[in-house]
Amino acid sequence: MFKSLAGKALVPVGLAVTGFVVVCFLLLYTMVKNVVTRDAVGHAANLADTVLKSTRYAMLKSDREMLTTIVHNIGEQQGVEHVRIFNKKGVVNFSSRPDETGHQVDKKAEGCVGCHAGATPASTLGRMEQARSFRNKAGTDVLAITAPIYNEPECSNAACHVHPASQKVLGTLDIGLSQEMMLSSLASIRNQMIIFTVMVLALTVGGVTALLRRSVFLPMQKLNDFVEEVEGLEELSAPPRRFPQELDRVAKSYYNLNVKLRKSQQELGIRKDKVRQE
């Protein structure tokens, strides 16, 4: 196959088209995945902001019972894996999982190292920097948002609080959401894109093959048959059949060349006969 004209023409074209389509598929899927991930992070960040605003009044009043109830109710929502509020020292004050309350958070953990990488903890982070993805002990893929709780003037001026105005961050809210739906959507998009890519490859390669066959391979085959036909004839009487474009000129040139060659051979044979007779 690779020695034939069709193989030498179709194999490189097929490989080039396949490589191009696969690269486009990978780039497009990467872009779609980034958009979906960014939207998921934005949704999680908005949810974290909503939780902070919901707990703000209870924090100002230092109402631990109300805070515990709010955190517990949010943690029971579908898709929410955990909700934690820990103080400046990294101790969990409130959690949707009661067994975590009072435990110290490892500052070198994935969700803390972003702020605590340097000697002085960072006080502000962008939305994408607040997000982290990991797999919990239950084997669930989790997208978590770590949102700082800032010290507002109402906090530092409240009678029940002892936070000085110089302290920028009072604590941190950590909320984790299950990525099951997002990963399922990405898998569905990926499968649909694979099917679409295979269809594009089949149609493109099939179309190119049909076009080459009609415009190149069949005319070349006719030219080859014509050459074999001319070589097998003892006498040339009929002019060559019409071929498309340049091939027609090649066929006529080959035909005329054979006519001249046979005339020359006939004349040379006649001369040899005369020489022998003499």
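## Overview

Of the protein's 278 residues, 30% count as buried (under 20% relative accessible area, with exposed over 50% and partly exposed in between, using a 1.4 Å probe and protein chains only). This is a predicted model, in which local features need pLDDT of at least 70, side-chain atom pairs count only at pLDDT 80 or more, and totals for chains, interfaces and linings use all residues. Residues are numbered from 1 along each chain as its sequence is written, and side-chain values use heavy atoms, without hydrogens and water.

The accessible surface is about 18900 Å² (Shrake-Rupley method, 1.4 Å probe). Carbon and sulfur atoms hold 59% of that surface. Among contacts (heavy atoms within 4.5 Å) with a separation of 6 or more, 56% link residues 24 or more positions apart.

## Order of elements

The protein has 7 helices and 5 strands. Both are DSSP runs, numbered from the N terminus: helices are H or I with at least four residues, strands are E with at least two. From the N terminus, the order is α-α-β-β-α-α-β-β-α-β-α-α.

## The sheet

The 5 strands form an open sheet, ordered S2-S1-S5-S4-S3, with antiparallel pairing. Strands pair if DSSP finds at least two bridges between them. S2 and S3 (131–135) are the edge strands, each pairing on one side only. From one strand to the next, the twist averages 25° (axes are lines fitted to C-alpha atoms, and angles run from 0 to 180 degrees between N-to-C directions).

Strand S1 (residues 80–87) is mostly covered, with 6 of its 8 residues buried. S1 meets S5 (residues 169–178) through 7 bridges, running antiparallel. There, His 82 has Gly 176 as its bridge partner. S4 (residues 141–150) is joined to S5 by 9 antiparallel bridges. Tyr 150 is partnered with Val 169 of S5.

## The hairpin

S1 also pairs with S2 (residues 92–95), antiparallel, over 3 bridges. Ile 85 stands opposite Phe 94 in S2. The two strands form a hairpin with 4 residues between them. In the turn, Gly 90 has a positive phi of about 90°.

## An aromatic pair

The structure holds 1 aromatic pair. Phe 25 and Tyr 29 are stacked, at 6.3 Å centre to centre with 15° between the planes. Rings of Phe, Tyr and Trp (its six-membered ring) pair if their centres lie within 6.5 Å; planes under 30 degrees apart count as stacked, over 60 as edge-to-face and the rest as tilted.

Phe 25 and Tyr 29 lie about one helical turn apart because they are 4 residues apart in helix H1 (residues 5–60). Both residues are buried.
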